[in-house]
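Work through the exercises below with the coordinates loaded. Each task is followed by a stepwise solution.

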Amino acid sequence: MPTAVLTDHERTAVQAYLRLLHTVRAAFDGPPDGAPPALVPPSVLAEAETALAEAGLAGNEEEFFRMLSDWCPPSA
């Protein structure tokens, strides 16, 4: 597997994406009583969008997910 060396902006984008992913998962796991899932705070989405734009990755999902996969490979 190639070694991925991320810039500070790229690392920030990956971390923001992972925070967004965990927040969305928590929202959809939601309350066990069948209540509708909690809303994802707009600030979490805005943080991810800003981080992607600053890293030059906005609109370049293929590159972003390749980088994400290299940096944080799925566990077996």
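This is a predicted model: local features need pLDDT of at least 70, side-chain atom pairs count only at pLDDT 80 or more; totals for chains, interfaces and linings use all residues.

**Exercise 1. Secondary structure and contact range**

Task: How many helices and strands does the protein chain have, and in what order do its elements run?

Solution. 
1. The count gives three helices and zero strands.
2. Read from the N terminus, the order is α-α-α.
3. For the contact range, take the contacts between residues at least 6 apart in sequence: 71% of them join residues at least 24 apart.

**Exercise 2. Packing of α1 and α2**

Task: Classify the arrangement of helix α1 and helix α2 from their axes, and describe the residues in their contact.

Solution. 
1. Two packed helices are described by the angle between their axes and the distance between the axes.
2. Helix α1 covers residues 8-29 and helix α2 residues 42-54; their axes come within 8 Å and cross at roughly 155°.
3. Angles over 145 degrees count as roughly antiparallel, so α1 is roughly antiparallel to α2.
4. The crossing of α1 past α2 is left-handed.
5. On the α1 side the contact is made by H9, T12, A13, A16, R19, L20 and T23. On the α2 side it is made by V44, L45, E47, A48, A51, L52 and E54.
6. Sorted by type, the residues of this contact comprise eight nonpolar, three polar and three charged.

**Exercise 3. E47**

Task: Is E47 buried or exposed, or something in between, and which residues beyond four places away in sequence does E47 touch?

Solution. 
1. E47 lies in helix α2.
2. Its relative accessible area is 32%. Buried means under 20% and exposed over 50%, so E47 is partly exposed.
3. Leaving out residues up to four places away in sequence, E47 touches A16 and R19.
4. The C-alpha atoms of E47 and A13 are 8.7 Å apart, with a sequence separation of 34 residues.

**Exercise 4. A27**

Solution. 
1. A27 belongs to helix α1.

How values were computed: Residues are numbered from 1 along each chain as its sequence is written. Side-chain values use heavy atoms; hydrogens and water are left out. Axes are lines fitted to C-alpha atoms, for helices over the stretch in contact, and angles run from 0 to 180 degrees between N-to-C directions. Helices (H or I, at least four residues) and strands (E, at least two) are DSSP runs, numbered from the N terminus. Angles under 35 degrees count as roughly parallel, over 145 as roughly antiparallel, 65 to 115 as roughly perpendicular and the rest as oblique. A crossing is left-handed if the near helix is turned anticlockwise from the far one by less than a right angle, and right-handed if clockwise. Contact means heavy atoms within 4.5 Å. Ala, Val, Leu, Ile, Met, Phe, Trp, Tyr, Cys and Pro count as nonpolar, Asp, Glu, Lys and Arg as charged, and the others, Gly among them, as polar. Buried means under 20% relative accessible area, exposed over 50%, partly exposed in between (1.4 Å probe, protein chains only).
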